[in-house]
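Open the model in your viewer and keep the sequence beside it. The stops below say what to select next and what is there.

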Amino acid sequence: MEEEKIYKFEMMEKEKIRYFMVNYMCDSNTKTIYGRNLFKITGTLNTSDIERRCAAANKVEKCIITNIYQMTKEDFEASSMEAKE
């Protein structure tokens with residue numbers, strides 16, 4: 001019983017980091033904004049939280065996620081390097 005608790009605790013500490021590219025669409029009164037963001041997620045993927053973050057970044061009331069792609073760590077790092085340039 002004690003070993004099982006220790007094992008579960010170790011698994012929680014080593015929670016996997018997942019990498020995503022999210023395409024979204026925001027609609028304001030004057031224009032429609034299409035965008036793409038990269039996210040590093042630990043734990044569960046919460047789409048409503050991602051929609052709120054995209055809306056806040058574009059200063060609009062609401063965004064809709066159109067696609068979510070899971071990426072490898074190498075692809076994520078390469079994409080984020082391109083975005084910085």
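Select Ile-50, which lies in helix H2. Helices (H or I, at least four residues) and strands (E, at least two) are DSSP runs, numbered from the N terminus. Is Ile-50 buried or exposed? Its relative accessible area is 1%, so Ile-50 is buried; buried means under 20% relative accessible area, exposed over 50%, and partly exposed in between, with a 1.4 Å probe and protein chains only.

This is a predicted model, in which local features need pLDDT of at least 70 and side-chain atom pairs count only at pLDDT 80 or more, while totals for chains, interfaces and linings use all residues. Residues are numbered from 1 along each chain as its sequence is written, and side-chain values use heavy atoms, with hydrogens and water left out.

Now show what surrounds Ile-50. Leaving aside neighbours within four places in sequence, Ile-50 is in contact (heavy atoms within 4.5 Å) with Val-22, Phe-39, Ile-41, Leu-45 and Ile-65. Ile-65 is 15 residues away from Ile-50 along the chain, and their C-alpha atoms are separated by 8.2 Å.

Axes here are lines fitted to C-alpha atoms, for helices over the stretch in contact, and angles run from 0 to 180 degrees between N-to-C directions.

Next, colour the strands. In what order do the three strands form the sheet? The order is S2-S1-S3, in an open sheet with antiparallel pairing. Strands S2 (32-42) and S3 (63-71) stand at the edges with a single partner strand each, so one side of each has no neighbour in the sheet. From one strand to the next, the twist averages 20°. Two strands pair if DSSP finds at least two bridges between them.

Select S1, residues 17-27, together with S2: 11 bridges join this antiparallel pair. The two strands form a hairpin, with four residues between them. Two places to look at are Asp-27, which stands opposite Thr-32 in S2, and Val-22, whose bridge partner in S2 is Asn-37.

Asn-23 is buried, with a relative accessible area of 12%. Its side chain makes a polar contact with the side chain of Arg-36 (3.0 Å); such a contact is a pair of N or O atoms within 3.5 Å, where within protein one must be able to donate a hydrogen and the other to accept it, and residues adjacent in sequence count only if both atoms are side-chain atoms. Beyond four places in sequence, the residues in contact with Asn-23 include Gly-35, Ile-65 and Tyr-69.

Finish with the cysteines. How many disulfides does the structure hold? There is one, joining Cys-26 to Cys-63 with an S to S distance of 1.8 Å; a disulfide is a pair of cysteine sulfur atoms within 2.5 Å. The pair links distant parts of the chain, with Cys-26 in strand S1 and Cys-63 in strand S3, 37 residues apart. The torsion about their S-S bond is about 75°, so the disulfide is right-handed. Both Cys-26 and Cys-63 are buried.

Last, select Cys-54. Cys-54 counts as buried, at 1% relative accessibility.
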